Amino acid sequence: MQTVHLTDPARADPWVGGARELMLTVLYPARSVRGFSRAPQLTPAAAREFAGLAPHVHPGLPEPGAVDWGAVLTHGYMGAPPLPGRRPVLVYSPGGGDSRTLGTTLAEDLASHGRVVVLVDHPGDASQVELPTGLRTTVLFGPPDPATFRTMVDTRIADLRLVLDRLSDLPLARVMDSCRIGLYGHSAGGTAVVYAARDDRRVGAVANLEGYLDLYPTPAGVEQPLLLFRTDGFEGAPRIESSWADLPGRRVLLPDANHWAFTDYGSLIPQLQTSGLVTAAARAALIGTGNPAVKLAEVRRRVGTFFARHLL
């Protein structure tokens, strides 16, 4: 696992001005992890910030001080050397208000099957992002209004295209196969990856995990294989179905689940509920009522199989 800082001097940040900055986490099969330490999901500074933001970004999460978010470890080892070979590249855009680290569970599984996975943070709408220039926090508290949502998605589209443009410059470019690139995203990230793929021949397949596609007219120009994956519990289901109506693509329904079952909350929330820190109602509203291990396995299988089929 490695982290990467990108700057786009040609583009102004829409939220704070100045050159647009991004943070990436890159996951990949490692040659060896001997002598390297497991990476935390959040840095100490990001964990402290998230503890205060969590119940505001996602109502129902524990109040500040109830959880040591900095103690959560990933299965990645920071700085471990990559296994030789050139591998498909998958680029992930998280949901609005979420940081890239909340896509770690699925990304680790995708990387364990021989892919390089790039998690992208979008400073400004992400809950918190630790940049070399300082810690940025979210502008979002509650659902964004239409103008804010459009700015958020337009910014994400440009962010994703910057990442695609810079793949060959990343420290791990030697293990990336630029002829096999997929995009996937959750919620606003799902919206962004579909529009970012329009007319971009570098992208070979796109997976939309419950993102609206009515920001613009039907996204013509998306000729790549498309996975349209949603839950049966999301309150925005009618809008999702309407916005997907005219699109070709593989449609999949995740039963007994809710919107954030596609993220690390699918693993974290049941543990918090068992500890008495999250109510059954909050769990249902965030990830649904289904068996978390079953839901996680289904998401991994569906997304992994989709990219295995279309990024040969």
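## A sheet and its neighbours

Strand E10 (residues 203–209) and strand E11 (residues 226–231) run parallel, joined by four bridges. Strands here are DSSP runs of E with at least two residues, helices are runs of H or I with at least four, and both are numbered from the N terminus. Two strands count as paired if DSSP finds at least two bridges between them. Within this pair, Ala207 sits opposite Leu227 in E11.

Before going on, note that this is a predicted model: local features need pLDDT of at least 70, side-chain atom pairs count only at pLDDT 80 or more, and totals for chains, interfaces and linings use all residues. Residues are numbered from 1 along each chain as its sequence is written, and side-chain values use heavy atoms, with hydrogens and water left out.

So where do E10 and E11 belong? They are part of an open sheet of eight strands with mixed pairing, in the order E1-E2-E6-E5-E9-E10-E11-E12. E1 (2–12) and E12 (250–254) are the edge strands, each pairing on one side only. From one strand to the next, the twist averages 20°.

Contact means heavy atoms within 4.5 Å, and angles run from 0 to 180 degrees between N-to-C directions, using axes fitted to C-alpha atoms (for helices, over the stretch in contact).

| Helix | Strands touched | Angle |
|---|---|---|
| H2 (residues 104–112) | E2, E5, E6, E9, E10 | about 160° with E6 |
| H8 (residues 292–310) | E5, E9, E10, E11, E12 | about 160° with E10 |

Now for strand E9. Is it enclosed or open? Eight of its eleven residues (176–186) are buried, so E9 is largely enclosed by the rest of the structure. Buried means under 20% relative accessible area, exposed means over 50%, and partly exposed is in between (1.4 Å probe, protein chains only). Six bridges join E9 to E5 (residues 87–93), and the two run parallel; here Arg87 has Met176 as its bridge partner. Another six bridges link E9 to E10, again in parallel, with His186 opposite Leu209.

Finally, take a look at Thr155, which you'll find in helix H3 (residues 146–166). Thr155 is buried, with a relative accessible area of 9%. A polar atom of its side chain lies 2.7 Å from the backbone oxygen of Thr151. Leaving aside residues up to four places away in sequence, Thr155 touches Arg11, Pro14 and Arg20.

Methods:
Polar contact = N/O pair within 3.5 Å; in protein donor to acceptor, adjacent residues only side chain to side chain.
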